[in-house]
Amino acid sequence: MSDERAEQAPTIDLPSTDLPITDLRSALRRLAGHPGQLLQTDHPVDPDGELAGVYKRIGAGGTVARPTRIGPAMIFNNVRGHPGARVLVGLMASRQRVGILFDAPPQRLAQRMAQAYQNARAAVEFTGPVAPCQQVVRRADEPGFDLREILPAPTNTDLDAGPFFCLGLVLGSDPELGRDVTIHRLCVQGRDEMTIFFAPGRHLDAFRQRAEADGRRFEITVNMGLDPAIHIGATFEAPTTPLGYDELAIAGGLRGRPVELVDAVTVREKAIAAAEVVIEGYLIPGARQAEDQHTGTGHAMPEFPGYNGAANPSLPVIKVTAVTTRERPILQTLVGPGEEHVSLAGIPTEASLLRALDAAMPGFVTDVYAHPAGGGKFLAILRCHKRRAFDDGRARQAGLVAFGVYSELKNVILVDEDVDLFDTDDVLWAMQTRMQNNRDIITIPGVSGHVLDPSQQPSYDPTLPAPGTTAKTIFDATAPFRLKAEFERARFRDVDPRPFAPELGLDYP
C-alpha cells in the first residue's frame, strides 16, 4: 500500500470557472463548476485493461457492451507503474458535457459546429518565451529514454494488440497540399516506435504516401491533452474539409481565436503549443510492422462499432524522436466504442449534413442527429419539414444527399417535425406507426462505407467486392403529406408541473 501511495499524483486543484477555454486545464476547470460532470479518484489503477474497465461502468456509454452508462469524465491520479502520472478519460463522453464545453445547448451542437466552420480562423505562431507543451523535453537519443515508461498508454481490453494512444492528434504537412490533423490509433511497439492505422481515404495518409513515394521521411507530431475544440474540429471530413484543408481553423472558429502552434524540438513540423503531451517523430519510408507483433492476439483494440478490430499485419511505423510535455502532464484517452467517439465523430457529421442539406433544399431538413448506435458515423436521423405533397419525395432526396455528403453513413431515418430525433423511443415510435416496410424502406446496394463494420466484409457477404462496401438504407418514417391530419399526435393540455413536483427540478416551458 505504501508503494501505491508513492505513485499517486496530487489531486488537481480545479476551482470552478466559466472563463474562456484555452486548453485542457481550463476545460477541466469549467467542468468542475458543473455538478456531476467531473470525477477525480486517487484509488490506484492499472492502465493495462483496468482503467478502461472502470470507466466502462462509470461513464463510457456508446456502443460499449452493457452494462454501461453515460457518466462524468474521470481523472485517475494514481496510475500504477507511472509515478506522478495522471490520465483523463471521457472528457466528451456526454452530449450535455460537450454543450458545457462549447457554450451551446446539447440539441444545438450541430448548429454551433456549422457556425464554427463558417467562421474558421487559421492557426498562428506561438509568440511566448516557452510553449507550455515544451516545459519538459525528453529526447529519444538520450540514455534511458523509453516511451513506455514516460507515458502510461492504456489498453482497453485483454485482447488489445498492445498499449494504445487513443486520442493522439497527428499533425503533418505536405509541401504542396498544406497541413492536416487527424486522430489515429497508435500502438506502442517499443522504446521509440509506434505503429499507426490509417482508415482508407484519410488525408494524412495521402501526405504519407506522397512522402514515401519520394523516399522522404514523413515528419509528424502527436498532440495529446488538448482544448476539446481542437479534437472535435479535427474530426470534420471530406467533402466538408477537402484535401489540404487545415481543420485547426475550425477550432479557431469555435473559440473565436486561433490555435497557437510552435516549432517541434527534433523534427521540422509544428506542435500545438498548449498541448499536455507531444510525441515528435517521423514515419520511416517503407517500414511496416504487425500491429500485434508482441502479443499475437489477432485483435487491435475495440473500435467505435463496438467490436474488437482485427490487428493489421502491416502498418506504417513511427520512429519517435522526442516527448515534450507540460509540468505534471495529463494524458488524455478514451474508451474506443464509447460515447466520446459519438461526440467526436457525430457532432461534426451533423454539422456537415445540416450545411449541405440546407444548401441543397433550404429550410427542409431542420435538424440532424448522428445516433450513438452508429458510433456517430453509421446512423443519421433527419427531421423534415413537409409543406406539400411533393415533399414526400424531397424527404427521400434528403436521405440521398446525406449519403453523398458523408460516405461512411450506412442508414438514414427520416422523421416529421413532431418527432424528437434525440429520443430513440420517439424515433422508433415513428417507425412503427408511420412506415410500411414494402414501400418506405429504400435500399441502395454496393456503396462504399467503412472498413471497421464487421458486416461490410466479403466474409459476411461474398457478393461484396471489397471490405468497406455496404448496402445503404433510407427508412422513411414520415407520414404521407396527404394524410397529415390522420397522423396528428394526441394533444395534451400544457400545464406547468413545477408546483406539483418541485423536488424534480423540471424545466418549463
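Analyst: C384 counts as buried in this predicted model, because its relative accessibility is 1% and the cut-off for buried is under 20%. C187 is buried too, with a relative accessible area of 0%. How many disulfides does the whole structure hold? A search finds zero. For C187, the closest cysteine sulfur is in C166. The two sulfurs are 9.7 Å apart, which is too far for a bond, because a disulfide needs the pair within 2.5 Å.

Next, helix α5, residues 109-118. Eight of its 10 residues are buried, so the rest of the structure largely encloses this helix. The buried residues are L109, A110, Q111, R112, M113, A114, A116 and Y117. What do they pack against? Their partners include four helices: α4 (95-101), α8 (228-234), α9 (248-255) and α10 (339-360). Strand β17 (365-370) is also among the partners of these buried residues.

The structure holds four aromatic pairs. One of them joins Y117 and Y245: the ring centres are 5.8 Å apart and the planes meet at 25 degrees, so this pair is stacked. Stacked requires planes under 30 degrees apart. The pair links distant parts of the chain, 128 residues apart. Y117 sits in helix α5, whereas Y245 lies in the loop between α8 and α9. Both Y117 and Y245 are buried. Ring pairs also bring in F236, forming a cluster of Y117, F236 and Y245.

A further pair involves β17. The rings of Y369 and F422 have centres 4.6 Å apart and planes at 50 degrees, so the pair is tilted. Y369 belongs to strand β17, and F422 to the loop between β19 (411-416) and α12 (424-433), so the pair ties together parts 53 residues apart in sequence. Y369 and F422 are both buried.

Rings also meet charges. The charged end of R394 sits over the ring of F364, 4.9 Å from the ring centre. R489 places its charged end over the ring of W429, at 3.9 Å from the centre.

Last, a strand residue. T470 is found in β21, residues 469-476. Is T470 buried or exposed? T470 is buried, at a relative accessible area of 5%. Leaving aside residues up to four places away in sequence, T470 touches K410, I444, P445, G446, V447, G449, Q456 and L464.

Terms used: Residues are numbered from 1 along each chain as its sequence is written. This is a predicted model: local features need pLDDT of at least 70, side-chain atom pairs count only at pLDDT 80 or more; totals for chains, interfaces and linings use all residues. Side-chain values use heavy atoms; hydrogens and water are left out. Buried means under 20% relative accessible area, exposed over 50%, partly exposed in between (1.4 Å probe, protein chains only). Helices (H or I, at least four residues) and strands (E, at least two) are DSSP runs, numbered from the N terminus. Contact means heavy atoms within 4.5 Å. Rings of Phe, Tyr and Trp (its six-membered ring) pair if their centres lie within 6.5 Å; planes under 30 degrees apart count as stacked, over 60 as edge-to-face and the rest as tilted. A charge sits over a ring if NZ of Lys or CZ of Arg is within 6 Å of the ring centre and within 35 degrees of the ring normal.
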